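Colleague: I have a few questions about this structure. Can we go through it piece by piece?

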Amino acid sequence: MSISLDGFVAGPDQSEDAPLGLGGQRVHTWHMGEPQNEVDERVRDELLIDRGAYIMGRNMFGPVRGEWDRDWRGWWGEEPPYHAPVFVLTHHPHDPIEMKGGTTFHFVTDGFDAALAQARAAGDGDVAIAGGASTARQALAAGAVDELFLDIAPVLLGRGERLFDGVADPGLEPLEVLHSPLATHVRYRVGGTAAAPSGAS
């Protein structure tokens, strides 16, 4: 997930006109449009490898709130980049939406654990948590994350959707760090054995 230095993955006031919230696009500059260097390009390409299935929150799927009162089919056009089943967490039932390229959006109303079970049964590869912040927090709380990829942008948003609010320390052990002018890309093992610091310095 792309994240600001102060811990936000999206800015405040997300809407159809500002899906990443006010100022939130600054956190995602490293992969929006053409990458500006080979490090960002490599990380972007790794994000797009085939997965068995995905889980995302309703806010990431679109701006529609409450009952499904419009024909919304996601932000990504007729061929989303997932090419696999995507399980969308929601409180309101919706029929599956089949898209071009192998993506089908399934809507799950009985919580994260149910979505995870369906995602694991749907494909042979890894299950990826596509976002947003609330879904990632639920995944961490459920112990369902083996590795966490953070793309840390050198910007401060001040407010918005914070990734780690209310999350118990999952024990993050850095496995790989890549730098670019636009982001520091860190791959963590979750539940690692890295020693905690014994005191302040």
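Modeller: Just after α4, Gly143 takes a positive phi of about 70°. Helices (H or I, at least four residues) and strands (E, at least two) are DSSP runs, numbered from the N terminus. This is a predicted model, where local features need pLDDT of at least 70, side-chain atom pairs count only at pLDDT 80 or more, and totals for chains, interfaces and linings use all residues. Residues are numbered from 1 along each chain as its sequence is written, and side-chain values use heavy atoms, with hydrogens and water left out.

Colleague: Which residues are buried in α4?

Modeller: Ala133, Thr135, Ala136, Ala139 and Leu140, in a helix covering residues 133–141. Buried means under 20% relative accessible area, exposed over 50%, partly exposed in between (1.4 Å probe, protein chains only).

Colleague: Why do they line one face of the helix?

Modeller: Seen down the axis of α4, the buried residues fall within an arc of 165°, so they line one face. The arc is that of the directions from the helix axis to the C-beta atoms.

Colleague: New topic. How many salt bridges does the structure hold?

Modeller: There are 10, each a side-chain nitrogen of Lys or Arg within 4 Å of a carboxyl oxygen of Asp or Glu.

Colleague: What does Arg42 form a salt bridge with?

Modeller: Glu176 is one partner, with the closest N and O atoms 2.7 Å apart. That pair links distant parts of the chain, with Arg42 in helix α1 and Glu176 in strand β10 (residues 172–179), 134 residues apart. Arg42 also meets Glu46 in a salt bridge (3.3 Å, N to O).
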